[in-house]
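Keep the viewer open and follow along as the residues come up.

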Amino acid sequence: MRARVAVLTLACGAMVWFTAAPGSRLRASTPQTPARDATFQPTSGTASLSGVVVTDGDTPTPVRRAIVTLSGDGLRPSRGAITDDDGRFAFERLPAGRFILTAARPAFITSAYGAKRPNRPGTAITLSDGQALADLTLRLWRGGVLAGTLRDEFGRPVAGVPVEAVRAVTPPFPTPTLTLSNNGVTTDDAGEFRIFGLEPGTYVVRASPSAPQTGTMGAPSEADVDRMLDALQRRAPAPIGSAPVQNDVPDPPAVDFAPSYHPGTPRAAQATRVTVVAGQTVTGLDFSIQRIATATVEGRVIDDQGRPVVGIGVQLMPGAPPGPFEPRVPRAPSATTDREGAFSISSIPPGEYRLFARAAERQLGLTEEGPAVTRMSSAMQGNLLWAYQDLAVTGNDVPGLVLRLQPALRVAGRVVFDGQTLTPPEDLTSLRVVLRADSVVGGAGFINGVVQGNIVAPASVAADGTFELPSVLPDTYRLSVTGGGLDGSGWWLASATAGGRDALDFGLPITPGGGADVVITFTDRHSGISGTLQTASGDPASNVFVVAFAADRTFWGPGSRRVQAVRPDVDGHYAIADLPPGDYLLGALSDVDPEQFDDPAFLDQLVPASIRLPVAAGEQKVQDLRVGG
C-alpha cells in the first residue's frame, strides 16, 4: 500500500518525488552490497562480465595495465584482472549476485564503475545465473600534481627532505583540519619535489625534515655572539704546564629544523591551501624550511612509594586533540628511564604536550637498586600502571618533572543475545571485546614513532557471557565484538550501554579514577529500509544518493551509524540494513562528497527537503522513490 506522494526540493536544487509505502536507511562511501547470508554463495558460477577502462575527458583513451578488481559477497576472494593494450578486461565463471567494480593505476585515481566524479561511490552491478554482461565502461581520472622547490633560510636547495600533500578537510570540524596523507615524496638534489596521483581536493604542502642524528644544533643570536666574544677577550693566557682553562663561553640555544608549510611558515594555520582538480598540475610551490628554538624535557618516573622505576618508555604526545588546521597524526618523541628512573627527551619544539609513561604491573619488581621494569616487549599483558603530566614547552628546557605510576582502569560487563528466532551461540568463549580509542590523548600506541591510537588488549568472553578488561587507560573508546562466527549468523550488534548511554553512538569515555560496566546486546531483529528508485517515466535510477539521517541532531557526527547513504544498484534498488531504531529524515541528492555526511551543517541544509520516517526495532520498511527534474 502506498501512503503518500511528496514533492521535495533538495539542497542541490534537484526535484525528487517520494512515493511512500513504509520505509529506508543509508551511509556514503561505497556502493551498496547485499546483506550476508548465513551460508556463503559459491565462488564460481555461470555469469560473466567484461568491459574497458578509459580515461575521463572529451576524447577518452584506453588505459593499459590498469588493475581491475571485482568484489562482492558472492566472491571468496575478490577477483582481479589487468587490462590489455586496448584497456579491456574480462571476468568469467561468476556467481549470481551484486558486485562492485573498481580500477586503479599509478598516477590515476582509483575509481568505481558508475562514479560521476573522482572519489565518489560507484554503482553496484547485479548479475544473474548465466548472464553475460559486456561492454561496461569504467572511467579513470588522472590524479592531480603539486610541484615546487624546497630551500633553506639562505636560499639554497635542500635535498633528501620528505614533502607531502596533506588533505585540508573542513567537515565535521568548524575550521579546516589536516588529515594524514600518503601523498609524499623526497626532494631531489636540486631541492625539487613533484607529488602526483592526488585526488581532487584542497591540500597544504608540508616539509618534515628529520632531526639531526648527532643531536641539536646551536644558533647563536647577536647577543649570544657578543657574550661569547666578551668571554674570549676576558680569558687570560694559561701558564705553561697549568691545567686547561675552564670553558666559560656560553652555549648557544639549541635549535632544530621545524616542519614547514608552503609558503614558508612553521604554523599549519598559516599554510596556503591549494585546490587541485583531476588531472591538474600546480607548479611553483616554492618555500623554505626554518630553524626554531627547541627544548629538553627531563624528569623521573617513580612508583606509588616514591621509588625510581627503571627501563620503561616515556612518550611526549600532543596535550590535546588537534586544534583548527593542525596535523591529526603527530610524531611522538620518547625516552627510556635509567637506573635512577630518570629520562631526557631533547629537540622538542614549542607546543602543548602530555608526558605519558606506562608499564606492565607484573614486570615491576625489586632489584638491589630498587624497583625495576624490563623493556616493554609485552606491555599489553597483565595490569598496567600509568602516569601522565601536561606541560607547555616554550623553547626553554623543562627539568625536574615527576611521573608517579598508578593502576590502570577496569572495564567489565557481559554479552547478551536477545533473540526471537535464532538460538544464541553455544560457545561464547571465542568472542572478543575490542576497545580502540579515536583520540591520541592518553596512552596511545605508536608505530615508528607515529601515534596510532590507544591500544587495549582484547578481552575474551567467558562461557557465561561476562568479560573484563583490567588494563584500560583514560581515553574515549569505540567498542566492537569479533569472533564467534557472528558474520553471516543473523545476529546484529544492537547496543553497548554503559551509564545509560550507548557506546556505539557516543563512544565509551574512561576518565582517571573511573571505569565502566557495559552491557553488550546482540539481536536477531533487524531494522532497515529498502525500496526502488525510479525516474518519472518508471525506469530504474541509480545516479542519485539516498540519504537517511537521525532526526535527533545529537546522533550526527563522524562515523555515525545513524547517518548513512547509498547509491542504488543498476536496477534502481537500494537497501540499508541494521539501522538502529528511531526517527529518521530521508532525502536524495544528485551528487555529494561523502565526507559531507559527517558535517552537521550540511545535514541541516537537507532537513527542509527531507521527509520524516520512523523505524521501529525489527521493522523492515519499504520506501520507493521517484525522481524527476
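Leaving aside its neighbours within four places in sequence, which residues is I520 in contact with? Keep in mind that this is a predicted model. The partners of I520, with those close neighbours set aside, are R414, V415, V416, V433, F467, L479, V481, L493, S495 and A496. I520 also has a place in the largest nonpolar core, which has 37 residues. Together with L508 and V518, I520 is among the residues with the most contacts inside that core.

Now zoom out to the whole chain. The protein has 629 residues, and 46% of them count as buried. Its secondary structure comprises three helices and 52 strands. If you take the contacts between residues at least 6 apart in sequence, 75% of them join residues at least 24 apart.

Strands of a sheet pair through backbone hydrogen bonds, and the pairing can be parallel or antiparallel. Start with β17, residues 201-207. Is this strand enclosed or open? Six of its seven residues are buried, so β17 is largely enclosed by the rest of the structure. β17 pairs in the antiparallel sense with strand β21 (residues 274-276), over three bridges, and T202 stands opposite T275 there. Strand β20 (residues 260-261) is another antiparallel partner of β17, through two bridges. In that pairing, A207 has S260 as its bridge partner.

Strand β11 (residues 132-142) shows both kinds of pairing. With strand β3 (residues 47-55), β11 runs parallel, and seven bridges join the two; here V52 stands opposite T137. With strand β8 (residues 108-109), β11 runs antiparallel, joined by two bridges. The bridge partner of I109 in β11 is W141.

A further stop is an open sheet of three strands, in the order β28-β25-β33, with mixed pairing. Its edge strands are β28 (342-348) and β33 (398-404), each of which pairs on one side only. On average, and ignoring direction, neighbouring strands of this sheet are turned by 25 degrees against each other. β25 (residues 295-302) and β33 run parallel and are joined by five bridges. Across this pairing, R300 stands opposite V402.

Finally, turn to the aromatic rings. The structure holds ten aromatic pairs. Take F597 and F602: their ring centres are 6.0 Å apart and their planes are at 80 degrees, so this pair is edge-to-face. Are these two residues buried or exposed? F597 counts as buried because its relative accessibility is 1%, and F602 is buried as well, with a relative accessible area of 11%; the cut-off for buried is under 20%.

Elsewhere, F356, W386 and Y388 form one aromatic cluster. You can find another arginine over a ring at F555, where R562 lies over the face at 4.2 Å from the ring centre.

Conventions:
Residues numbered from 1 in each chain as written. Predicted model: local features only at pLDDT ≥ 70, side-chain atom pairs only at ≥ 80, totals over all residues. Heavy atoms only, no water. Core = buried A, V, L, I, M, F, W, Y, C linked by side-chain atoms within 4.5 Å. Buried < 20%, exposed > 50% of the residue type's maximum accessible area, 1.4 Å probe, protein only. Contact = heavy atoms within 4.5 Å. Phe/Tyr/Trp six-rings, centres within 6.5 Å; stacked < 30°, edge-to-face > 60°. Lys NZ or Arg CZ within 6 Å of the ring centre and 35° of its normal. Pairing = 2+ DSSP bridges. Helix = DSSP H or I, 4+ residues; strand = E, 2+ residues; numbered from the N terminus. Axes fitted to C-alpha atoms, helices over the stretch in contact; angles between N-to-C directions.
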